[in-house]
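Here are some notes to read alongside the structure.

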Amino acid sequence: MKMRTLGNTLQVSAIGLGCMGLSDFYSSSEHDDAAGIALIRRAVDLGVSLIDTADIYGPFTNEVLVGKALAGIRDRVVLATKFGIVRSESGERLGVNGRPEYVRASCEASLRRLGVDHIDLYYQHRIDPKVPIEETVGALAELVKQGKVRHVGLSEASAATIRRAHAVHPLTAIQSEYSLWSRDPEDEILPLCRELGIGFVAYSPLGRGFLAGRFRKLEDLAADDWRRGSPRFQGDNFAKNLALVEKIEDIAAEKDCTPSQLALAWLLAQGDHIAPIPGTTSIERLEQNVAAGALTLSAAELAAIDAIAPQGVASGARYPEAALRELSR
């Protein structure tokens, strides 16, 4: 496994693992704890060291699952989790909270669920517009001093917020959606990360599975799958986005790789400070994703991919309107 450096100091595998789908949002038929634990342990055996979760996944149960999976192998991974989106035990979204007391309480709760004494990379999941970022990051800095957190990050933050936060305490990573159909970070966030020496962790690098070519119609998604409500999976948007996937599949066939591997290799080629965290419930797809780390794309191949997937190519917003309001604060 090739390695990447986040924030000049944190070494992680070039391909990480996003664990959300093992417990939440996608089809509940795939939420099998024993299978999830086996998948995470297989990932670590393959050299995946960046394991990503969040308190709201489940809600709250994904951290427990990850903690069980990492029992006995904790020292082989960089464990990342997040706070800031508030959910009830029943799963209801209750807003965003960045108050210092909430930061401290969330950290203690995550440490208990994970069964660890420190979090390697702790992100604010969404920015709270009611709380100055300086106060939130100040609380995170205190957790670093106490040894409960090793590195600090933000998820889906604006360039202005990143600058202000970084001035309070060095940020190790920014996590945002980035893929062949979500290239928005290229405008401001990726250049800023290079300027400030901050790593970039790309979530949903396979377009929530769409870029993998897994879906040909909306009915391919389970009835309880969150993606059914995503604008990019709706009506004409679905058809237009499927046409993009078919072009990606053509290039992948010429390269003798899967569409997922092509999409991940493209992401890795965008900068050596970028680490994607694809998620999956399948060990076979996990192994394919990991193998993408060894795939090299030529300048001509990168140009061909850029030609079919320029910025803004995806049809439809990446989140429903209510969720979009929480982004880029």
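Predicted model: local features only at pLDDT ≥ 70, side-chain atom pairs only at ≥ 80, totals over all residues.

1. The UniProt record, an unreviewed entry, lists residues 15-308 as "domain: NADP-dependent oxidoreductase". Over that stretch the chain is 40% helix and 15% strand, and its end C-alpha atoms sit 24 Å apart.

2. Now find helix α5 (residues 159-168) and helix α6 (residues 189-196).

3. Which residues of α5 and α6 meet? From α5 come Ala159, Ile162, Arg163 and His166, and from α6 come Ile189, Leu192, Glu195 and Leu196. Sorted by type, the residues of this contact are five nonpolar, one polar and two charged.

4. Helix α8 (residues 259-268) deserves a look of its own. Ten of its ten residues are buried, so α8 is largely enclosed by the rest of the structure. Among the buried ones are Pro259, Gln261 and Trp266. What do the buried residues of α8 pack against? Their partners are strands β1 (3-6), β11 (199-203) and β12 (274-276), together with helices α7 (235-255), α9 (283-291) and α10 (299-308).

5. On to the backbone. Most residues other than glycine have a negative phi, and most peptide bonds are trans. With that in mind, check the bond between glycine 58 and proline 59: this one is cis, with omega about -5 degrees. You'll find proline 59 in the loop between β4 (50-52) and α2 (61-69).

6. Two other residues have a positive phi without being glycine. Glutamate 156, with phi near 55 degrees, lies in the loop between β9 (149-155) and α5. Aspartate 256, with phi near 60 degrees, lies in the loop between α7 and α8.

7. Is glutamate 156 buried or exposed? Its relative accessibility is 3%, and the cut-off for buried is under 20%, so glutamate 156 counts as buried. Aspartate 256 has 73% relative accessibility, and exposed means over 50%, so aspartate 256 counts as exposed.

Conventions
Residues numbered from 1 in each chain as written. Heavy atoms only, no water. UniProt positions renumbered as here; feature names shortened; annotations may be inferred. Helix = DSSP H or I, 4+ residues; strand = E, 2+ residues; numbered from the N terminus. Contact = heavy atoms within 4.5 Å. Nonpolar A, V, L, I, M, F, W, Y, C, P; charged D, E, K, R; others polar. Buried < 20%, exposed > 50% of the residue type's maximum accessible area, 1.4 Å probe, protein only.
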